[in-house]
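Please look over the sequence and the structure shown below before reading on. The paragraphs that follow lead through them one part at a time.

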Amino acid sequence: MSTDKTFRMDGKAIPFEAGETVMDAALRAGEYIPHLCHNPNFPPHGSCRVCVVDVNGKHMCSCTLEAAEHMEVDNSSDAIIDKRRTLLQMLFVEGNHTCPACEKSGDCQLQAVAYHTRMLSPHFTHFFPKRSIDPSHPDMMFYYNRCILCGLCVRVSRDVDKKSVFAISGRGIDSRLVFNSPSGKLGDSDFSATDEAAKVCPVGAILPKHVGYETPIGQRLYDNKPISVVGDTIAKNHSEKPVVIGGPHE
Amino acid sequence: MSDLQQAAPLRKDKLIVSTAALCGCFGCHMSLLDIDERILDLVELVEFDRTPITDIKTVGKCDIGLIEGSVGNAENVEVLREFRNHCDILVAVGACAVNGGIPAMRNQFELKDCLEEVYIHGIGVDNPHIPNDVEIPLLLDKVHPLHEVVRIDYFLPGCPPSADTFWTFLTNLIAGKEISFPYSLIHYD
């Protein structure tokens, strides 16, 4: 893709197309900006704020920010990494993220992005919220403990699978994922293990049954290489058939 | 004072290290021992005070305290506060110490329900009753990571942190260097 427009990120010129976001331009140039609710295959959501960058002195969400010339973007200073780490620490203490007991461990984007920010402790006081699981679906499990409300399943199920399965209900700390079925159970909804939405969860909230530890701990995506090198978990699932729907501002 | 008590004075030229296991599985201590023959190099640099390795039961003034496990009962609180009072540098070692880990999964349930499940309704329980001997430390309502009880200076995540993580941490710290881990040495599982 040729373009003569650029902005600068960490001292490097990043080319961009008109209407392209800072995130998309950076990823295309091979520069990693941490993200959780964003999946480059789908329109941005801008809810997790982990992709925060400093643009000309202001903190901006790079997945929703349209690139412009003369932008000076800080993606890697200690100050911006501190901000991201704080956001991640809040995500960790709000849920129940018991990595040693989670079958997503090693393939989990939340964990990998936390490693990227050099997070060693949760810092804050844990909420230890009482949350359940929904095992009602024959092929898929849902763990409320691990859901970070990124909204990816909601968006992908609606926009790609053309189904009405997921929604985020409630407000603030009471927000939770809900399923569209008479019983409220995932197993009674239209959800299928072959849906695109079954592949996009960045954490271990939506997991297929019967395959838990097929890839042993130690051989997983983020066990030996950082996410800035190997990319998103979901990229693995979409490696054969990338799903692109519309531009960043559809 | 007997000869035996005088025989092992703590050497002033070595840093003094104490360790303790609170509500955990002892896996972090096993991982520390996995430094294998490097423990001979380590004891040239440090002197172990209270630790399950020496079986010394009381903690004296220490340079470094390593705590494995989370805080799940009244005795854990007491030991942790003792360590904080006696250690210049206190380190939370392993997933349980850092964020509650596996023991904190009981926070999903009422303590009463946990005890009844194990001691009253459990399969094969003989003479069902909840143990109430005064010698048994009272369980806390919730399990807590260490930093929710005392100030912690360093965190070593991992279930357990690998032997190389311990080795890198201790040798960097003792040498007065900035503690820096390669990617493969920091993991939460």
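A residue is called buried when its relative accessible area is under 20%, exposed when that area is over 50%, and partly exposed in between, with a 1.4 Å probe and protein chains only. This is a predicted model, in which local features need pLDDT of at least 70 and side-chain atom pairs count only at pLDDT 80 or more, while totals for chains, interfaces and linings use all residues. Residues are numbered from 1 along each chain as its sequence is written, chains are lettered from A and ligands numbered from 1 in the order in which they are written, and side-chain values use heavy atoms, with hydrogens and water left out.

Let us begin with the charged pairs of chain A. A salt bridge is a side-chain nitrogen of Lys or Arg within 4 Å of a carboxyl oxygen of Asp or Glu, and a search of the whole structure finds 14 of them over all chains. In one of these, Glu31(A) is paired with Lys12(A), and the closest N and O atoms are 2.6 Å apart. This pair links distant parts of the chain, since Glu31(A) sits in the loop between α1 and β3 of chain A and Lys12(A) in strand β2 (residues 12-15), 19 residues apart; helices (H or I, at least four residues) and strands (E, at least two) are DSSP runs, numbered from the N terminus. Lys12(A) is partly exposed, because its relative accessible area is 39%, and Glu31(A), at 23%, also counts as partly exposed.

Another salt bridge joins the side chains of Arg85(A) and Asp82(A), at 3.0 Å from N to O. Both residues lie in helix α2 (residues 78-94) of chain A, three residues apart, which is about one turn of the helix. An α-helix has 3.6 residues a turn, so residues three or four places apart point the same way. Arg85(A) counts as buried at 17% relative accessibility, whereas Asp82(A) is partly exposed at 37%.

Buried or exposed: which is His35(A)? At 2% relative accessibility, His35(A) counts as buried, and its place is the loop between α1 (22-28) and β3 (52-55) of chain A. Its side chain meets that of Asp232(A) in a polar contact of 2.9 Å, a polar contact being a pair of N or O atoms within 3.5 Å, where within protein one must be able to donate a hydrogen and the other to accept it, and residues adjacent in sequence count only if both atoms are side-chain atoms. Contact in general means heavy atoms within 4.5 Å, and, leaving aside neighbours within four places in sequence, the residues in contact with His35(A) include Gln109(A) and Val113(A). Gln109(A) and Val113(A) are also among the buried residues of α3(A), a helix that is mostly covered, with seven of its eight residues buried.

The backbone of both chains has some features to look for. Most residues other than glycine have a negative phi, and most peptide bonds are trans. His70(A), however, has a positive phi near 70 degrees, and its 70% relative accessibility makes it exposed. In chain B, the peptide bond from Cys159(B) to Pro160(B) is cis, with omega near -5 degrees, and Pro160(B) lies in the loop between β7 and α7.

Nine of the twelve residues are buried, so α7(B) is largely enclosed by the rest of the structure. Among the buried residues are Phe166(B), Trp167(B) and Phe169(B), and the elements of chain B that the buried residues pack against include α2 (27-33) and β3 (62-68).

Finally, consider where the chains meet. Here 24 residues of chain B are in contact with 31 residues of chain A. The area buried between the two chains is about 2,200 Å², of which carbon and sulfur atoms give 61%; buried area is the accessible area (1.4 Å probe) that two parts lose on being put together, summed over both. The rule finds one salt bridge across this interface, and Glu110(B) forms a salt bridge with Lys130(A), with the closest N and O atoms 2.6 Å apart.
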